[in-house]
Amino acid sequence: MIYKCPKCGQTSEQAGNCPNCNVPMNEETAPANGGAAPETSQPQESQGSKE
Ligand SMILES: [Zn+2]
């Protein structure tokens, strides 16, 4: 689990207060292995005619 400061964006693997702002850090649920940008480097064949 990753925790992120809502003010400065500082991230930490442990829950607690931000070392910079001294505010409680929120749980960051964003995927760490990048799921928003799917790589389409692989040639897709017979996936569908785009014409
Ligand atoms: Zn902070």
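Trainee: Of the contacts with a separation of 6 or more, what share comes from residues 24 or more positions apart in the protein chain?
Mentor: In this predicted model, such residues account for 15% of those contacts.

Trainee: And how much of the chain is buried?
Mentor: Buried residues make up 6% of the 51 residues in the protein chain.

Trainee: OK, switching to secondary structure. How many helices and strands are there?
Mentor: The protein chain has zero helices and three strands. Along the sequence the pattern reads β-β-β.

Trainee: In what order do the strands sit in the sheet?
Mentor: The order is β2-β1-β3, in an open sheet with antiparallel pairing. The edge strands are β2, residues 11-12, and β3, residues 26-28, and each of them pairs on one side only.

Trainee: What holds paired strands together in general?
Mentor: Strands of a sheet pair through backbone hydrogen bonds, either parallel or antiparallel.

Trainee: Back to this one, then. Over how many bridges do β1 and β2 pair?
Mentor: Strand β1, residues 2-4, pairs with β2 over two bridges, in the antiparallel sense.

Trainee: Which residue in β2 is the bridge partner of Lys4?
Mentor: That's Thr11.

Trainee: Now I'm looking at Gln14. Where is Gln14 found?
Mentor: Gln14 lies in the loop between β2 and β3.

Trainee: Is Gln14 buried or exposed, and why?
Mentor: Gln14 is exposed, because 8 other C-beta atoms lie within 10 Å, and a residue counts as exposed at 12 or fewer.

Methods:
Residues are numbered from 1 along each chain as its sequence is written. This is a predicted model: local features need pLDDT of at least 70, side-chain atom pairs count only at pLDDT 80 or more; totals for chains, interfaces and linings use all residues. Two strands pair if DSSP finds at least two bridges between them. Helices (H or I, at least four residues) and strands (E, at least two) are DSSP runs, numbered from the N terminus. A residue is buried if 20 or more other C-beta atoms lie within 10 Å of its own, exposed if 12 or fewer, and partly exposed in between; C-beta atoms are placed from the backbone. Two residues are in contact if their C-beta atoms, placed from the backbone, lie within 7 Å.
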